[in-house]
Amino acid sequence: MRILGIESSCDETAAAVVEDGRNVLSSVVASQLDVHAKYGGVVPELASREHLRAIVPVVEEALLKSETRLQDLAAIAVTEGPGLIGSLLVGITFAKSLCFAHGLPLIGVNHLEGHIHAVLLEHQAVELPAIALVVSGGHTHLYFANADLSYRLLGKTRDDAAGEAFDKVGKLLGFGYPGGPVMDSLAPHGNPRAFKFTLAKMSGNPLDFSFSGLKTAVLRWTEARDLSVQMAARKALLKSIPHPSKQDWLAVTPQETLDVIASFQYTVIQEILKRLHTLTEEHDARCIIVSGGVACNAGLRQAAHSGGFPIPVYFPTPGLSTDNAAMIAAAAFPKFHRREFADFDLKPKANLALT
Ligand code: KG4
Ligand code: ZN
């Protein structure tokens, strides 16, 4: 039973064919990173235009690689939200057209549920209920995932998402966009305890996050010293090589800056682990699921696996942690069995909630 998944909620155009909700036959992702990098973040209008350019070849490649014809499909699943309206619209319109033309059922999938399914897809041993953290450029959301795949929101960021904080600090320090992967590669070269960043105490729900103060603390650090020489060197590096290697970055980054990066990353990880520990004490969950782009972070993975949790912690492989369509097709599988099909008036929902 094959489902074609289509994902276009932000800056990746993705299509995948997944068999029986588990077996990824193809997963194609066209990234727009290079388009947005020069603006230091995702430009919504450009994202929509790039999706329009990419959607046909990406879907064709996913079908070709999986040796699937449209008539072999049981359904087409598409991300209906949350995300950028113009970007979502491209995927949804394309999915609807294919379904209409080929008489296939359409399934709308919440992008955040997709991220959770990236873990269920890869790890057969996962048992629900679980504590699920979706940590990406747009979200830092903690859920209780029930055995019937219903979700309860336990906490979320009140300002920046963790990935957004990585990207803003990366930009502030001259590492280009997105900053997360670069900072992750440089963090092991700095002292994580060199700078003690203090975080705002959360009034109300202690499981909520706030990362904007941490970003401001790094900004204050940059303002208090003259970084002009190293900033100019990193700018020149980015101009000469579009994707510098870790060694390239290390050559233009003094120790004190590496210490700030390591301390920043350490603080983000501690904030996440603290909440996961509280939740494992308070809830009767079988495991912890961590997914979304920031789940690629090697420091977070290592800290979570050696964090002394009484239940297993599962991450997707990095390729399924960031935005992809295999997770959308996988999340659609149980919906197909429950016959939760969408009408052709399915609309993109920028702020679609999971609960
Ligand atoms: O899930 P994703 O592909 O898109 C969203 O739904 O947002 O996540 C992208 C985010 C970006 O903010 C990026 O900097 C961050 O994930 N990211 C990382 C790493 N790899 C990607 N952050 C920290 N460490 C990484 N290794
Ligand atoms: Zn995502």
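Modeller: What follows is a close look at the site around the ligand.
The model is predicted, so local features need pLDDT of at least 70 and side-chain atom pairs count only at pLDDT 80 or more, while totals for chains, interfaces and linings use all residues. Residues are numbered from 1 along each chain as its sequence is written, chains are lettered from A and ligands numbered from 1 in the order in which they are written, and side-chain values use heavy atoms, with hydrogens and water left out.

Ligand 1 is surrounded by 20 residues, the closest being Gly-137, Asp-167, Asp-184, Gly-293 and Asn-297, where a residue is near a molecule if one of its heavy atoms lies within 4 Å of it. By kind, this shell holds five nonpolar, eleven polar and four charged residues; Ala, Val, Leu, Ile, Met, Phe, Trp, Tyr, Cys and Pro count as nonpolar, Asp, Glu, Lys and Arg as charged, and the others, Gly among them, as polar.

Among the polar contacts (pairs of N or O atoms within 3.5 Å), a backbone N or O atom of Gly-293 lies 3.0 Å from an oxygen atom of ligand 1, and an N or O atom in the side chain of Asn-297 is 3.0 Å from a nitrogen atom of the ligand. A polar backbone atom of Asp-323 is 3.1 Å from an oxygen atom of ligand 1. Of the 550 Å² of accessible area that ligand 1 has on its own, the protein covers 90%, with areas from the Shrake-Rupley method and a 1.4 Å probe.

Ligand 1 lies between domain 1 (2-116 + 320-337) and domain 2 (127-311), because both give residues to its shell; these bounds come from an automatic or database domain assignment.

Technical notes: Polar contact = N/O pair within 3.5 Å; in protein donor to acceptor, adjacent residues only side chain to side chain.
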